[in-house]
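Here is a friendly briefing to read alongside the model. Please keep the sequence and the 3D view open as you go.

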Amino acid sequence: MSTTKADSSSNSGATGGVQLQKKLGLLDGVAIIVGIIVGSGIFVSPKGVLIRSGSVGLGLVIWVLSGVLSVVGALCYAELGTMIPKSGGDYAYINEAFGALPAFLYLWVALLVIVPTGNAITALTFAEYIVKPAWPHCDPPYEVTRLIATLITCLLTAVNCYDVKWVTRVQDFFTATKVLALLMIVGVGVWALLVDSHTQNISQPFEGSNTSPGAIALAFYSGLFSYAGWNYLNFVTEELRDPYKNLPRAISISIPLVTVIYCLVNLAYFVILPKVDLLSSNAVAVTFADRALGGFAWSMPTFVACSTFGALNGAIFASSRLFFVGARQGHLPKAIALINVDTCTPVPSLIFLCIVTVVLLFIEDIYMLINYVSFVEALFTLISVSGLLWLRYKMPDRHRPIKVNILLPIAFFVICVFLVTLPVLERPQEVCVGLIITLSGIPVYYIFIEWNKKPQWIQKTSNYLNSTCAKMFMCVLEEGMVYKPMLEKKQEND
C-alpha cells in the first residue's frame, strides 16, 4: 500500500511517516493513571479487604500499605520505563530482560484473560448501574446489561480509533467526575465524624483482626486489585511527551493522590456503615448514599457509571498498545501492528481487543476468570521487577534517566514473593488453573513463532488477513518497521 497519503497527513510524525504520536502531556498521564485505577472497585466492593483482615483498623492499614506498595512498584516501573522507552509495559521489560518466551507468555495470558476480562467486567458494571433506575428492586435482565456493555465497548473503541485527543478529553472529564464523587463521600464522612461525633462504628478499630499470613496476603490482593492500573501509563510510553520527566511526575502525583483519597473514602464508609452492613452490601457506595445522602442518593449510581466509563476508556487506550507492541515484535499477526494513515492510531489492535472483549461479555460467569489469573498477574509483576534487578547486574553501565535506590526494587521483590507464594496454600485450585492457562502458551509459541517451516496454507492465510486489514482500515506498518517473525530476527542477529 502506498504511503503517499500518510506523507501529507497532518497527523504524521516529524519524519513524514506513519507512527504513534506523542500527544500525551503530564495532565493526560495523571488522568490516565487515576482514571484507570479508580474504576468500580472503590465504589462497589471494598469489603474484600475487610473480610480478610477482620477489622476496621487492620483494613485501613492494608489500604495504606497497598497504596505504599503501589507507589514503590510504580517507581520501579518508572526506572524500567525510562531505561526501556518502549510501549507495552511488562511485556517490553520481560522481553528485554529474559527473552521472547517469557514475554510471549505474559502476552498470551493478557490476551486471553487479563485485559479483555477486566474490560468486560468494567463494561458490565457500567451497564448494571446505568440501568439500575429502571429495575430498582431487582437485578436488571441479563440480555439488557450484556447489550449495553457491548454498545459502550464498541463506542469507546470507535473513539480510540478516531483520535487520541478525543480519548484524553474523555479521560480528563470522567477522571475529574469520579474524583469529585469520592471527595463527596469523604466530605460526608468527615462531617459525620467531626461534627456529629459519629464514632460508634470505629470505637474498637482492631477488634476481630485476622493476622494469619495467608489472610493478610489475600487482603492485600483485594486492596491491590483496587489500585490496579498504576503501571498502565508504561503501556503508552512512546506516546508520552518527554517521558523521562512526565512519566515519574505523573506517577508521583497520581498514586499518592489515589492512596490518600482511598483511605479517606474507606474511613468514611466505616464511620457511616456498621461492619455488618458493609459486609452484606454488594455496592457499598450505593448503601452509603442511601444511608447518608437522603434525597441525593440517586447521584451515586450515576457517579459509579461515570467512573467505570472513564476506567474503560483508559484501559482500552492503554491495553491496545500492549497487543500492538506484541505484534510489532512478531508475537501476534502482523495485522495487529498496523497503524491508520489518517489518525495514526493502531485501529486493528483496538478492533481486535474489542472483539475479544465482546466475546467474553457473553460468558455468564466471567468473574470466575479474574480469580484464576489474579495470581498470574502478580507472578508477572514479580518477573518484571526481577528483570529490573537482573538488568542492574547484567548492564550496570546502561543509561538510566531514573535510577531508584536499590532497596526499593529489593523490597518490592520480597513483598511480591510473599504475595505470590502464600495464596498457593490458601487457593491451590485457582493457582493451578492460572498456571495451566499460562503454560498453555508454550506450544503456541513454538508452533506459530519459533517454527520457521510452517505449512504454506498458514503463510497464505496470514498474508490474506494482513492485506485485508490494511485495505479495510487504511493502515500501514509503522514508519521504518519491517515485520519479521522472531525466529528470522534471531537468525539475522546470529
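Proline 333 counts as partly exposed in this predicted model, because its relative accessibility is 35%, a value between the 20% and 50% cut-offs. This proline 333 sits in the loop that runs between H14 and strand S1 (338–340). Its C-alpha atom is separated by 19 Å from that of cysteine 161, and the two residues are 172 residues apart along the chain.

**Salt bridges**

- Searching the whole structure turns up seven salt bridges.
- One of them joins glutamate 79 to arginine 392, with the closest N and O atoms 2.8 Å apart.
- Glutamate 79 belongs to helix H5 (residues 56–83) and arginine 392 to helix H16 (residues 367–394), so this pair ties together parts that are 313 residues apart in sequence.
- Both ends are buried: glutamate 79 has a relative accessible area of 0%, and arginine 392 has one of 14%.
- A network of salt bridges links Glu79, Arg392 and Arg400.
- Lysine 86 and glutamate 96 also meet through their side chains in a salt bridge, at 3.8 Å from N to O.
- Here lysine 86 is in the loop between H5 and helix H6 (90–98) while glutamate 96 is in helix H6, so the pair ties together parts 10 residues apart in sequence.
- Lysine 86 is partly exposed at 38% relative accessibility, and glutamate 96 is partly exposed with a relative accessible area of 25%.
- Glutamate 238 and arginine 328 form a salt bridge with an N to O distance of 2.7 Å.
- That pair links distant parts of the chain, with glutamate 238 in the loop between H10 and H11 and arginine 328 in helix H14, 90 residues apart.
- Glutamate 238 is buried, its relative accessible area being 16%, and arginine 328 counts as buried at 14%.

**Glutamate 239**

- Glutamate 239 lies in the loop between helix H10 (213–227) and H11, and counts as buried at 0% relative accessibility.
- Its C-alpha atom is 9.9 Å from that of arginine 321, a residue 82 places apart from glutamate 239 along the chain.

**Aromatic side chains**

- The whole structure contains 17 aromatic pairs.
- In one of these, the ring centres of phenylalanine 174 and phenylalanine 309 are 4.6 Å apart and the planes meet at 40°, so the pair is tilted.
- This pair links distant parts of the chain, 135 residues apart: phenylalanine 174 is in helix H9 and phenylalanine 309 in helix H14 (residues 299–328).
- Phenylalanine 174 is buried at 16% relative accessible area, and phenylalanine 309 is buried at 12%.
- Tyrosine 269 and phenylalanine 288 make an edge-to-face pair, 5.6 Å centre to centre with 70° between the planes.
- Tyrosine 269 comes from helix H11 (residues 243–272) and phenylalanine 288 from helix H13 (residues 284–292), 19 residues apart.
- One aromatic cluster is formed by Tyr77, Tyr93, Trp230 and Phe412.
- The ring of tryptophan 166 has the charged end of arginine 169 sitting over it, 5.2 Å from the ring centre.

**Helix H9, inside and out**

- Glutamine 171 is found in helix H9 (residues 164–194) and is buried, with a relative accessible area of 2%.
- The contacts of glutamine 171 include Ala31, Ile36 and Asn313.
- Leucine 194 also lies in helix H9, but counts as exposed at 64% relative accessibility.

Methods
Residues are numbered from 1 along each chain as its sequence is written. This is a predicted model: local features need pLDDT of at least 70, side-chain atom pairs count only at pLDDT 80 or more; totals for chains, interfaces and linings use all residues. Side-chain values use heavy atoms; hydrogens and water are left out. Helices (H or I, at least four residues) and strands (E, at least two) are DSSP runs, numbered from the N terminus. Buried means under 20% relative accessible area, exposed over 50%, partly exposed in between (1.4 Å probe, protein chains only). Contact means heavy atoms within 4.5 Å. Rings of Phe, Tyr and Trp (its six-membered ring) pair if their centres lie within 6.5 Å; planes under 30 degrees apart count as stacked, over 60 as edge-to-face and the rest as tilted. A charge sits over a ring if NZ of Lys or CZ of Arg is within 6 Å of the ring centre and within 35 degrees of the ring normal. A salt bridge is a side-chain nitrogen of Lys or Arg within 4 Å of a carboxyl oxygen of Asp or Glu. Lists of a residue's contacts leave out its neighbours within four places in sequence.
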